[in-house]
Amino acid sequence: MAVRDTPYPDGTPCWVDLMVPDPRMAMDFYGALFGWDFADQGDAAGNYLLCSVDGRVVAGMGGSSPDREAPSVWTTYLATSDVDATAARITEAGGRLLMAPMDVMAEGRMVMASDPTGAVFGLWQAGNTVGVQLTDMPSALVWNECMTRDFEAAKEFYRRVFGYTVQDMEDEEFDYATLLVGDRIVGGVGGLPSEVPADVPPHWMSYFGVTDTDATVARAIALGGTVVSPPTDSPYGRMAAIADNQGVALSVITVAAEPEEQRAGSPF
């Protein structure tokens, strides 16, 4: 488990949120699946919801506009200490800004962008909100990765924009690289396998921790979700990809549950 109350280092995935047509449906699904609590931030914030575990924020959720053309997704936000400067590097490296830098009240400053391969992500500059407060435990964010159809272009883009050290994994079956900030692995970039349907766009995928992947998948189905990729073992834990009751994809992976006294430990 990791608890955080200070800004994340630049380039680190620091926030995830979900914008869907029916937030009430999303609350019913994720509340039952992960045991999340929800706090409505009021009319001034568009009734944006903060999702929490044990009183610590793990994600955000809101309603999407009826005329929104983009599909609903879990969006990964990468930390930056200067949104405007990072936004300039995005365009210089061949990416595209989907919205200009904007302040989110006193909570922070953000941008939405896409990389040259089409994967959409956000930038977050911490204000009152530093990002997710809890990671690497059941019901919280564990991992974020960009899956793309142009592996080399994506690696070069993120290296140029965020200064990552990019380390390729040696595997003949798939293309994958880890992204490091300093000596710490913070995320990954992978090539979409050839068997993935052409209508699946490049995207950032969010992984949430669970204590039992198979049981979580069964519970997701009972709640109106579907299976995208069935449970499978990996060197990092048993994992699966599912879609929620509004068709939004996410991944789950088994992580160790920690005793309550450890989970209430001091922030790092």
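Student: Is Phe-121 buried or exposed?
Tutor: This is a predicted model, and the values are computed from it. The relative accessibility of Phe-121 comes to 0%. Buried means under 20%, so Phe-121 counts as buried.

Student: How many aromatic pairs does a search of the whole structure find?
Tutor: The search covers the whole structure, and the number of aromatic pairs found is 15. The rings of Phe-121 and Phe-157 form a pair, with planes at 65 degrees, so this pair is edge-to-face. Their centres are 6.2 Å apart. The total for the structure is 15.

Student: Which elements hold Phe-121 and Phe-157?
Tutor: The two residues are 36 residues apart, and their pair links distant parts of the chain. Phe-121 belongs to strand 10 (residues 120-126), and Phe-157 belongs to helix 3 (residues 151-162). The elements are strand 10 and helix 3.

Student: Is Phe-157 buried or exposed?
Tutor: Phe-157 has a relative accessible area of 1%. The limit for buried is under 20%, so Phe-157 is buried.

Student: Why is the pair of Phe-157 and Tyr-158 edge-to-face?
Tutor: Both Phe-157 and Tyr-158 are buried. Their ring centres are 4.9 Å apart. Planes over 60 degrees apart count as edge-to-face, and the pair is edge-to-face because the planes of these two rings are at 85 degrees.

Student: At what angle do the axes of helix 2 and helix 3 cross?
Tutor: Two packed helices are described by the angle between their axes and the distance between the axes. Here the axes of helix 2 (residues 83-92) and helix 3 come within 9 Å. Helix 2 passes helix 3 in a right-handed crossing. The axes cross at roughly 150 degrees.

Student: How many charged residues does the contact of helix 2 with helix 3 have?
Tutor: From helix 2, Thr-86, Arg-89, Ile-90 and Glu-92 take part, and they meet Phe-157, Arg-160, Val-161 and Phe-162 of helix 3. By class, the contact has four nonpolar residues and one polar residue. The number of charged residues is three.

Student: Which residues do ring pairs link into a cluster with Trp-36?
Tutor: The links are ring pairs, and Trp-36 is one of the cluster members. Trp-36 and Trp-74, both in this cluster, are also in contact with Ala-59. The residues linked with Trp-36 are Phe-29, Tyr-30, Phe-34, Trp-74 and Phe-208.

Student: How far apart are the C-alpha atoms of Ala-59 and Asp-17?
Tutor: Ala-59 is found in strand 5 and counts as buried, at 0% relative accessibility. Its contacts beyond four places in sequence include Trp-15, Val-16, Leu-49 and Val-132. Ala-59 and Asp-17 are 42 residues apart along the chain, and the separation of their C-alpha atoms is 5.6 Å.

Student: Which residues is Gly-63 in contact with, leaving aside neighbours within four places in sequence?
Tutor: Gly-63 is found in strand 5 (residues 56-63), and at 41% relative accessibility Gly-63 counts as partly exposed. The contacts are Met-19, Val-20 and Pro-23.

Student: What is the C-alpha separation of Ile-242 and Ala-39?
Tutor: Ile-242 lies in strand 18 (residues 239-243) and counts as buried, at 0% relative accessibility. Residues that Ile-242 touches include Leu-33, Val-217 and Leu-250. Ala-39 is 203 residues apart from Ile-242 along the chain, and their C-alpha atoms are separated by 25 Å.

Student: Where is Met-105 found?
Tutor: Phi of Met-105 is near 50 degrees, a positive value in a residue other than glycine. Exposed means over 50%, so Met-105, at 53% relative accessibility, counts as exposed. Met-105 is in the loop between strand 8 (102-104) and strand 9 (108-114).

Student: What value is phi of Asp-136 near?
Tutor: Asp-136 lies in the loop between strand 11 (134-135) and strand 12 (141-148). Its relative accessible area is 33%, so Asp-136 is partly exposed. Phi is positive here, in a residue other than glycine, and is near 60 degrees.

Methods. Residues numbered from 1 in each chain as written. Predicted model: local features only at pLDDT ≥ 70, side-chain atom pairs only at ≥ 80, totals over all residues. Heavy atoms only, no water. Phe/Tyr/Trp six-rings, centres within 6.5 Å; stacked < 30°, edge-to-face > 60°. Helix = DSSP H or I, 4+ residues; strand = E, 2+ residues; numbered from the N terminus. Buried < 20%, exposed > 50% of the residue type's maximum accessible area, 1.4 Å probe, protein only. Contact = heavy atoms within 4.5 Å. Axes fitted to C-alpha atoms, helices over the stretch in contact; angles between N-to-C directions. Left-handed = near helix turned anticlockwise from the far one by under 90°. Nonpolar A, V, L, I, M, F, W, Y, C, P; charged D, E, K, R; others polar.
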